[in-house]
Amino acid sequence: MEKIKSFIKNEIVFSIALVLAIISSFIVPPSKDYISYIDFRTLALLLGLMLIVQGLKSCGLFDSLVAAMVKKVSSKRALAFVLVSLCFFSSMLITNDVALITFVPFTIMVLALCDDSRFNIYLIVLETVAANLGSMFTPIGNPQNLYLYSVSGIGMGEFLKLMLPYTTLSYVVLLVAIYFVEKEPFGASYNELPDSKISKPLLVVYLALFAFCILTVLHIVDYRIMLMVVIVAIFILDKKLLPKADYILLLTFVAFFVFIGNMKNIPAISEFLNSVVSGREVYVSVAASQVVSNVPAAMLLSGFTDNFTGLIIGTNIGGLGTIIASMASLISYKFYCKISGSNQRMYMVKFTIVNLIFLAILLCFYMI
C-alpha cells in the first residue's frame, strides 16, 4: 500500500490521467475505435528522442560542456549567465525536463562552493524558467509542442516563426533578471568539479541518430522506421539506456488520448468544451495549465478547437505560473529540497513571484 501511495504521489499526472480514462470508458465502452484515439507518431518521436538524449548524456557531452563553460567564469553574475543560458538554449533540443535534470544538479554542486543559500534559490528558479521558455521555440523542446506540432500539420518554419518573438522576448527578460545577481567574485575553487571526457565515436553516432529523428519530425522519414533504427542502435551501443526513457510519460499520453477520444464522443460535453475554448484558446490554455499542467492542457483542449497556434502559444506561456503549470518545474524543486538547510517556503515564494512576472510580461506581449 505504501508503494502504491508513493507511486501516486510521484506520478500524480499519470494517476489522474489513468483514472479519467477508466471513468470515461464506462460512458463510452471500449472498442476498436480506441486504437484510432492514439497518436502513435507522437509516442514514437517522444521515445526516440528520450533514448537519444540518454545516449548523449552517457557519452559525457553535457557534463563536459557545462564544466568547461563554468570554469571560465569569475563572478556570480557570469555564473548565472552561463547556467541560465545553457538551460535556455539546450532545452530547445533536449527538452526542458532533460535540461533541468542535467544542469540543476551540476548547479547545486557548483553553488556548494559558493555557500550562498539566497543565490541558490534565485539561480535555480531562473534556470527553471529558462528551460520552460527556451523549450517553447522548437517542436521538440517539450512534449506538448511535439504533440501539437504533430496533430496540427504546421510546418517547421511556421512553428519557429510563430514562437520566435516570444522566445526572443523571454531571453531578453532573463538577461534583465540575471543583471540583479550580484557581480561579486565567485571566489571558489573548481578543483572539485568532475572532469568528464567525451567519447567522440559514440557522440558522432548519437548525433547522427538525433539528425535521423529530426528527419522524422520534418515528415521525411517514417516514424516506425526511425523508432526501429533508434532502438536497435541503442541496444547495440548501450542496452542499459533502454529502461531509462520516461515510459510513464508515454503511458500518460496514452491515457489522455483515451480520455479525450471518449469526451469527443459525448455530444453534450463536446459541445460545451467547444463553446468554452473557441476564440479563447490562449487564455483557456494558460488557465488550464495552472491547474493540470501544460501537457495535459494541450492534449485536452486540442480535441475541441482547430486553432492550434493559439494552443501552442497558450500552453507554452502557461508553463509559467504555479509550480505544476509545467511538470518540469517540479524537477528543480525536488533537487532543491535535497540540499541541506533548504528553505522550501522561500523557494516557493520566489518561484511564484518570478514566474508570475514572466507570465504577465508574455501575456501582455500577446495582447499587444
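Guide: Within helix α19, which spans residues 344–367, Y347 and F351 are 4 residues apart, so about one helical turn separates them. Helices here are DSSP runs of H or I with at least four residues, numbered from the N terminus. The model is predicted: local features need pLDDT of at least 70 and side-chain atom pairs count only at pLDDT 80 or more, whereas totals for chains, interfaces and linings use all residues. Residues are numbered from 1 along each chain as its sequence is written, and side-chain values use heavy atoms, with hydrogens and water left out.

Rings of Phe, Tyr and Trp (its six-membered ring) pair if their centres lie within 6.5 Å; planes under 30 degrees apart count as stacked, over 60 as edge-to-face and the rest as tilted. This rule gives 14 aromatic pairs. One of them joins Y179 and F180, whose centres are 6.5 Å apart and whose planes meet at 80°, so this pair is edge-to-face. Y347 and F351 form a stacked pair, with 6.2 Å from centre to centre and 15° between the planes. Ring pairs also link Y347 and F351 with Y333 and Y336 in a cluster.

Burial is judged by relative accessible area (buried under 20%, exposed over 50%, partly exposed in between; 1.4 Å probe, protein chains only). Y347 is buried at 0%, and F351 is likewise buried at 0%. Y179, by contrast, is exposed at 56%, and F180 is exposed at 64%.

Y179 has a further contact: R77 lies over the face of its ring, 4.6 Å from the ring centre. A charge sits over a ring if NZ of Lys or CZ of Arg is within 6 Å of the ring centre and within 35 degrees of the ring normal.

Technical notes: Helices (H or I, at least four residues) and strands (E, at least two) are DSSP runs, numbered from the N terminus.
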